[in-house]
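Please look over the sequence and the structure below before reading on. The notes that follow are grouped by topic.

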Amino acid sequence: MNPSSRLRREIADRVAQALLASGEAREVWLEGALACGFAHAASDIDLRGIVDGAPPAWESRIVDGVRVDLQATAPQRAEELRHLLRSFDVRRDDLGSFRRVRASMGDLMCLRTALSYDSGRWDPVLDPGERQGYRRWAVADQAEVAASLAEDLTGLVEDGLAESASVVCRKLETCLTALECAAAGHPVLGDKWLPLLAGASSVRRSTRPARKRGSGSVRFSDAWPERSWAAGPSTTRCRSLPTWLPPMPAGCPSGTPTGGSFAAAMSTSPSPADSFSGGCPRSPPMARRPRLSSSGVPLMPVTRTAPTDLESLYAPLSSTGPDTAVSVILKLRGETCDIDCLYCFEKRKESPGGARINAAQVHRLGSIFSGRPLSIELHGGEPLTAGRERIAEILDALAAQPNVIRVSLQTNGLQLDDAWLDLFERHCPELEIGLSLDGDALGNSWRVGYDGRPTYPRVVEALELLGRRERRVGVICAVTPYVLGRASEVMEHLASFPAVTTVSLVPCFDAAVTRSTTVVGSRAPTSRALQRRAIGPTGPAWAVTPRQYADFVLEAAHHWVADGLFRRVKLEPVVSVIRRLKGLQTRSCHFSHLKCDHVLTLYPDDRLGSCDELPWPQARLAALGDVHAEADVAGAQGGSPLLRQARSLVTECTTCDYRDTCGAGCPAVRLRFAAAGDEDAYCDHRKRLIDGVAALLAQPDLPPPASCSRLRWRPVRPNDMHHVAAFLAQWDDPTVPRTPARLQVSADGNINTVGLPGVHEADDLDPHHPQWYEGIESGIRPVVDSLTSGWKAVTYDSCQGHAYADLPGAEPRFLSVGILPRDRAEYARTAARLCRAASRAESFLPGACSLVLGRGELACRTTGRVYPTLDLSLVPAVGTTSAEYFEDLAQAVHVLTVALAEAASAPPSTPCACGGDQ
């Protein structure tokens, strides 16, 4: 401590004593650089008083020629800040919490440095755990700043703006120093103190080149280049890839053949078109460093991440800002429609129709949500029954709203003609058109006019017209019993229309419908008689079960890939699942955290409500005329019993292993299943869908019925390795020189470079390394040996499991092994062997242990490629404790080792033991 620091500490002592003696503060904290021992001849002293009641009107004072700045803080505010430090959660699908913490980083820095005065002594305010929380948030904050500066620097260099690039480069250098200081556990003080902080911790600037930030994209075509994902040759080029696919990677010039494979299509970056907010999904500001195994790669604990917060699955409107869109469904004529589909959910609301939404209502919507983007859908009933003049007024009003970023129209297509298309061209050239068509003629049997006659022929005419006019449309296809078992036929039929570029498969989960729609008037149309006959004691004939829907989607997805339809048609919900499997966002609210609070519905009579899939009148929020600002809408949502119930259902998802991919599903549908006491069926079908799509990505040649039911999607993020290809090459080449490994063993059995439990670096090892067995934790060696010697498999990760009984608050880690297949054939062979081994072992495992098989991914930091992996874990059985698990673990390892050896003896072509049936 230099003389300036000592002088200021003495002054701080005197001021603190005076404040405490006078009763003006119950605590006095010293904050900032001085609290860390740093000061110069002109430094001020920062003191904070913790006071009860109204804060006093303190003013800065001069003591012995030194300025003392006094601030008063309520204990509640201090506790709020400490609460932030007790939790750390930064994920790409929810940056709301991170943004809130970043806004408080100045206050958190003060709290991190704070020393509380007590009888002549200054003691740290924060405990070690809270200081560690600050370290994590500070690293994430500085990493976000560094990433932003790096992007600026790249753009400036590309445009040749050398002087500006030099300025940004200096800022980036400073930011990286601050980042490394934060990582070393120091508070992020002003830039002038960074050299002292760096010197205190021997932090030196790294000379290694910066890595590209990962996009979370699939690169299986690079990982396994010897086979195409789609059968048959193709001449598809980059410029002809469908618009729903992300852009091609840098360095792939337009016109370069890609082979047209599904792998090539998936091995790309996020697509702006699939971001709900109208922009490209942002990468996370910082990925937490994974815990590393003795082979130098991330350990993959079966105990997944801590329960996520509710906002990451269901974001309130008040938690998002001007970069997040709100979707508004305009029911232009309410439920009024020119046809009478038997399954129509809008008419079941039995709300008055006939009136028309007007331009004034559109302008009011734009004013209410002037601070954020709006995505507008013209809907019904049938929106075109509003007439050409009114539709033109609506489109002009939307065009006048600067915050409207997207306008779409969902129509049955019966009224579409050249005049309508001309009107759209004049008033809204970018209008996106969606049609309702349930596959072929048989599938459309439920779509009839009031006379009971099918509408299918007229919709086909509309699609042909759209094709001639070179308009592109999306098709909503309802999955009913008439299409079950015919997924290939349905997909081929829909894809045969040149205008169709998107197919959305939506379920008819209507088992709870027990009566026909009420008829206004004395005479019921023929269609209602058909509807009454279709509704039986167990529900309507058009309803499907969740399992039936999931199986149909997976069958459609397999055909979509096998026949190459993915090259020109986007298939939902499959694309949304793929994006979430890859850690990307999607515009589908069923797989996003932007759910019912970000989807509103406006009816002609000024009723403003939540998503139109929710029941009325419960979904009603307010009259549009009574709403003056976005805060009024958020307040009504917060007071809605229906939305509170929806959020409570989503709360159950915060501990689910599938939450990051599933996104908690559709609250409206979940409410219906919950009311019927069958919510498990809804969740099970979502898991089946995710597992099936994950299997499709890894084994696209395997039809859905043959995919393994034991292998579940169980990723861990981040999960990466420095250079996967080099690791695989070294694994199979005994002649490659091996450098000595740094192996230290902790008291809990962890093997790493420092001999401590937790997050620590470890060196790469392979079976040819002289320290191979020494570097494998003893409890997992029999399993690793069975896989590497008996199966000739590559294990990229292993953990024997650690109880951490002597570390209060530490979560136990359970036994796991990660397998890295060399190619697709080995992946299929290993997956089948794992299933057979699990089938043999499950009846012999001790009661406290359960065997779990998982599909995952391993990213290469050097190339950006993503490699599919298979993971094997022993976890506590349901209803057992960790202590019981670890007591039975040795016996479970023996059972598993025997089962692995038996599975290896079967011929390579032996199929999966479960046969894919769940």
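This is a predicted model: local features need pLDDT of at least 70, side-chain atom pairs count only at pLDDT 80 or more; totals for chains, interfaces and linings use all residues.

Which residue of strand 25 is the bridge partner of Asp720? The bridge partner is Ala859.

**Strand 25 and its partners**

- Strand 20 (residues 720-721) runs parallel to strand 25 and is joined to it by two bridges.
- Strand 19 (residues 711-713) also pairs with strand 25 in the parallel sense, over three bridges; here Leu711 has Leu853 as its bridge partner.
- With strand 26 (residues 866-876), strand 25 pairs in the antiparallel sense over 11 bridges, and Gly856 is partnered with Thr869 of strand 26.
- Strand 25 and strand 26 form a hairpin with five residues between the strands, where Gly864 takes a positive phi near 85 degrees.

**Nonpolar cores**

- In soluble globular proteins, nonpolar side chains tend to be buried together.
- The largest nonpolar core here has 131 residues, and Leu330, Leu378, Phe424, Leu505 and Trp560 have the most contacts inside it.
- Helix 16 (residues 546-562) gives this core its largest share, eight residues.
- Another core lies apart from it and has 56 residues, including Met721, Val783, Cys860 and Ala892.
- Leaving aside residues up to four places away in sequence, Leu505 touches Cys477, Val479, Tyr549, Phe552, Val553, Ala556, Leu571, Glu572 and Pro573.

Conventions: Residues are numbered from 1 along each chain as its sequence is written. Side-chain values use heavy atoms; hydrogens and water are left out. A nonpolar core is a set of buried Ala, Val, Leu, Ile, Met, Phe, Trp, Tyr and Cys residues joined through side-chain atoms within 4.5 Å. Buried means under 20% relative accessible area, exposed over 50%, partly exposed in between (1.4 Å probe, protein chains only). Helices (H or I, at least four residues) and strands (E, at least two) are DSSP runs, numbered from the N terminus. Contact means heavy atoms within 4.5 Å. Two strands pair if DSSP finds at least two bridges between them.
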